[in-house]
Structure formats: structure tokens, C-alpha cells
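Below is a brief report on one protein model.

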Amino acid sequence: MKVLYDHQIFYTQKYGGISRYFFELMREFRSFKEVEVLFPTIFSNNYYLSNSEAIHNITYNLNNKHLINAITKYNSLNTNIKLRLGNYDVFHPTYYNPKFLKYLRKKPFVLTVHDMTHEKYKHLFSADDKTSEKKRYLVEKARKIIAVSENTKRDLVDLFGIEESKVDVVYHGNSIIQENILESFTQQLPAKYLLFVGGRWGYKNFENFIKAITPILADNQELSIVCTGGGDFIRQETELFSKLKIQNRVFQYSVNDSGLGYIYRNAICFVFPSLYEGFGIPILEAFSNQCPVVCSDTSSLPEVAGEAACYFDPNDLDSIFESVQQVLSDHALQHELISKGLKRVELFSWEKTAAKTKLVYESIL
């Protein structure tokens, strides 16, 4: 079975959960005798591709916008040629641009829906953002839909009105495993810290998290907040820190996978206050690196974390405060969450993701 993937997400994301997902999927399929991966992306600025020998393409660390756009057009042309030739069995686009449809030559395609954020939080996106429209159009055209959680499947069915039988749930895996992390870290970390991972805007609920745990910082002068990913703090964030008098207690680090694993392993706990997630890969990353998880009781997060996390209502500052404080002050609970997390993470792997995805492909042939 020949499966064709395109370049879309590897142009829009240098880092990120979706490009991580497709990278890991293709890498796993390299060891499947029954699956041949076709990936006509010649140039990419994506971190995962540039650090892998398993995906054979030429990568450049580009910062010139015009050059990136020119290379993207080349990748698009190369993909369209593969689509027109038709020498594949299944096409799996990596995002929601529907332009590929005119080149499919009656071949089936599978679409992965990662979340329904654009539909549930429309007010956070520009009026010019057509992601939801494109997604809905492709959902209708696809032979099968992969949802990354049961919660995402329910949202997809409820909001787009498609048949449940058209949607298969395939969970993500985890890439930040203990065996691959650094034993030392070149940057100076605080001695004691709570960890926040990923984007900090809108539904990620970072502001509520900061406001909720400020009293904890006031009571524990040795405690800090470490943030990874999401870029440097913006002016509104630094102004909030100053207003709350915690400007010297919140730090941001941009790190690779190995560094991120080290930061997980040395945190007191990982706090995930998001209002909505399609899956929640950072939960698995924390579990794998023996970091207790304190997270929202919304969307897919309880589905992923199970009984291995301490939960709170992300809209209630008191609830966030109480759950974080409980884990901070109870060492027995920390060890219990670590133990349960290590068992829970065994249920998820990229190998399982690839095996179940293969079954989805086979179901439409």
C-alpha cells in the first residue's frame, strides 16, 4: 500500500503538534513492510524533519520569507505532480487546504481532524481565517476521518453533523521519552518551579493560571514558573507579571526535545490549564518524564490523563489554586501521580498510532 503525504503543515509549522504527528506517523511507517511512504517535500524548515534520518528530504534553516514562499511553491508543484501521476493508493493531506482535490484522479483521501478550536472559539481568530470553512469542506469530501480523541470525534459530529461511522479515533503517541533526554542542561533553571508548556494565548488560559497561582508564589518565595514554547513573553504578559509583582519569578525557555525532557523531569509539577484540547500531547510527555500532572477537567484531557492527574475547573481561579497547592504540599500525592502516569503512558505510542492508522487506510481500499 502506497500512502502519499503532502507538504502543507511542514511549511506552516517549524515546531508543533500537527507536524510532530505526521512526522512520527511517517517515521513509524518506514518499518512497516506493507506501507510505502511517499513524501514529495524536498525543502522544509521544520525542526522534526531536519533532525531525522528516517525522512529523506533536503532541509534548510531558512528565515527569508520570499525564499520560503518560493520553496513552498516548489513543494506544492512536486506534490501535485505525484497526485496527477496517481501512483499511490491513499492520500493523507497534512492540513486543510483543499487545492489538492483537483489533482486526486479519483483516489481516496483520509483527513485527520486534530481539534475543533476554530469552531468553538471563533472569536479568537481573524475574520479572514478560512480554516473552519476549508476543514468542513474536506471533512465532507474525505473517504474517512481520523479524530485524535473521542472528545474531538463528538465535537466533529456535533458541529459538522457528519455520520459517526465516518470517523475513527486514533490516539497520539509520545516523543519526549526519558531515555533520550540530556543529563545536564546548559541554561540555569530555578531550583523549584511549576511548569507551563506550549502556547499561552486565548483558550490556553495562561492569564487565569498566572492569577490563580500568584498567592502560592507569595507564600513560597523559592518557587518560580517556567514556561517552554510559545515564544518570548509579549508586552501584555510582562505588564501582568509586574502588576502581580512576580516579574522576577516567571521564566521562558526555548528548547529542543532533549531540553524539554530535562525541564519536565526537574519540575515539581506540570500544570495544563487549557480550556480546550483536541488531544494533549504534553500530558504524555510529563508522564513519561516522571512529572506530576495537574490539569483542566475539560475536553479531551481527562480522556488522555485518566486517573493519573489532579484536576481543576479552568474557569475557576480558586479551583486552579487548590489543585496546584494540593500537589505542591503533598509529596505522597506527587509520587502517586508519577506512578500512575508511568502506567498510563504505556497505553499510548506512535507505533500504535501507525498501526491503527494503517487499518483506517485499508478500510477504504
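## Terms and basis

Two strands pair if DSSP finds at least two bridges between them. Helices (H or I, at least four residues) and strands (E, at least two) are DSSP runs, numbered from the N terminus.

The model is predicted: local features need pLDDT of at least 70, side-chain atom pairs count only at pLDDT 80 or more, and totals for chains, interfaces and linings use all residues. Residues are numbered from 1 along each chain as its sequence is written, and side-chain values use heavy atoms, with hydrogens and water left out.

## The 2-1-5 sheet

Strand 1 (residues 2-5) and strand 5 pair in the parallel sense, over three bridges. L4 stands opposite F91 in strand 5. These strands belong to an open sheet of three, in the order 2-1-5, with parallel pairing. Strand 2 (36-38) and strand 5 are the edge strands; each pairs on one side only. Neighbouring strands of this sheet are turned by 25 degrees against each other on average, direction ignored.

Helix 2 packs on the sheet. Helix 2 touches strand 1, strand 2 and strand 5. Its direction makes about 155 degrees with that of strand 1. Axes here are lines fitted to C-alpha atoms, for helices over the stretch in contact, and angles run from 0 to 180 degrees between N-to-C directions. Contact means heavy atoms within 4.5 Å.

## Nonpolar cores

A nonpolar core is a set of buried Ala, Val, Leu, Ile, Met, Phe, Trp, Tyr and Cys residues joined through side-chain atoms within 4.5 Å. Buried means under 20% relative accessible area, exposed over 50%, partly exposed in between (1.4 Å probe, protein chains only). In soluble globular proteins, nonpolar side chains tend to be buried together.

The largest core has 58 residues. Y5, F29, F270 and I283 touch the most other members. Helix 2 (residues 17-29) gives the largest share of this core, seven residues. A second, separate core has 28 residues, including F196, I210, L217 and V294. Which residues does F29 contact, leaving aside its neighbours within four places in sequence? They are Y5, V35, V37, A354, T357, K358 and Y361.

The buried residues are I281, P282, I283, L284, E285, A286, F287 and S288.

Just after helix 11, Q290 takes a positive phi of about 55 degrees, although Q290 is not a glycine. Q290 sits in the loop between helix 11 (281-288) and strand 13 (293-296). Q290 is partly exposed, at a relative accessible area of 34%.

## Other single residues

K106 also is not a glycine, and has a positive phi of about 65 degrees. K106 lies in the loop between strand 5 (90-92) and strand 6 (110-113). K106 is exposed, with a relative accessible area of 85%.

Is S149 buried or exposed? S149 counts as buried, at 0% relative accessibility. Its place is the loop between strand 7 (144-147) and helix 7 (150-160). Beyond neighbours within four places in sequence, S149 is in contact with V169, Y171, G278, S300 and E303.

E322 belongs to helix 13 (residues 317-329). E322 is exposed, with a relative accessible area of 53%. E322 and A212 are 110 residues apart in sequence, and 9.0 Å apart in space, C-alpha to C-alpha.
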